[in-house]
Amino acid sequence: MRLKSLLPWLCVLGLIIGLAWVYAASVKKDAELAVLREDSQQLQQARAELEEARTNSAQAESSEVSRLRRDNEELLRLRNEVRQLRGEKQQLATQLQTAQSQVQGVQAQVQAMHANQAQAASPGQLNPAAQAAFAARYGLAPTNTEQSAAAACINNLRQIDGAKQQWALENQKPPSALLTAADLKPYMRSNALPVCPAGGVYTLNPVNIPPICSIPGHALPNLLR
């Protein structure tokens, strides 16, 4: 009888113990699920940060590549410009040398013409220009008159060269600029170009080349700058 009366209480006690265990297991599982949820959120956040970092890195790399391409294109353009400038400089130097050769050829032709005139006449019948050419050709000592004429002619050449430099400075002309007698007249004292006292012919030349006279010996110390 006593066992039968205790059996229901034992069943109730067992049921209570079972419910307590189930509750404890449920609480434990809820705690584990909460931890798993937090870990999952952290994992998703880490993945998002990693994806954002990859995107930013790709954008930065693309921007750097674009900048390097622009720098490379600019460098190539500058190199092409330098190459073109060098070519133009060489072309100008060649043109200047050609012009100088032409001037020297014209001067040589004028000197030859005067020399031929000197050969066709006797020294006593020559005009001052022919006498100077004759003396230069055959190594004769110049007379006082010839020396005075040469000094006056060289002085004229200095005045013409000074007028050329002033004309180029005021008009902002390059060293290779050509000019005419009309350009220089306003810069001369008498508003006119001087003439060689021995009858020589003046060649103005570009700004960077001093003027010359057709008579040998009538020349500035330096023909080229």
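A residue is called buried when its relative accessible area is under 20%, exposed when over 50%, and partly exposed in between, using a 1.4 Å probe and protein chains only. Keep those words in mind as we walk through this predicted model, where local features need pLDDT of at least 70, side-chain atom pairs count only at pLDDT 80 or more, and totals for chains, interfaces and linings use all residues. Residues are numbered from 1 along each chain as its sequence is written, and side-chain values use heavy atoms, leaving out hydrogens and water.

Let's begin with helix H1, which covers residues 2-120 and holds Trp 9. Helices here are DSSP runs of H or I with at least four residues, numbered from the N terminus. Trp 9 counts as exposed because its relative accessibility is 64%.

Side chains of opposite charge can pair when their charged atoms come close. Such a salt bridge needs a side-chain nitrogen of Lys or Arg within 4 Å of a carboxyl oxygen of Asp or Glu, and the whole structure has 4 of them. One joins Arg 67 to Glu 64, with N and O 2.5 Å apart. These two residues are 3 apart in helix H1, so about one helical turn separates them. Glu 64 and Arg 67 also belong to a network of salt bridges that includes Asp 71.

Arg 77 has two partners to look for. Glu 74 forms a salt bridge with Arg 77 at 2.3 Å between the closest N and O atoms, while Glu 81 meets Arg 77 at 2.4 Å, N to O. Glu 81 and Arg 77 sit 4 residues apart in H1, again about one turn of the helix. Arg 77 is partly exposed because its relative accessibility is 37%.

Now let's turn to the interior. A nonpolar core is a set of buried Ala, Val, Leu, Ile, Met, Phe, Trp, Tyr and Cys residues joined through side-chain atoms within 4.5 Å. The largest one has 20 residues, and Trp 167, Leu 184, Cys 196, Tyr 202 and Cys 213 touch the most other members. Helix H3 (residues 144-171) gives this core its largest share, 8 residues.

What about the cysteines? A disulfide is a pair of cysteine sulfur atoms within 2.5 Å, and the whole structure contains 0 of them. The sulfur of Cys 213 lies 3.6 Å from its closest cysteine sulfur, in Cys 153, so the two are too far apart for a bond. Cys 153 is buried because its relative accessibility is 0%, and Cys 213 is buried too, with 2%.
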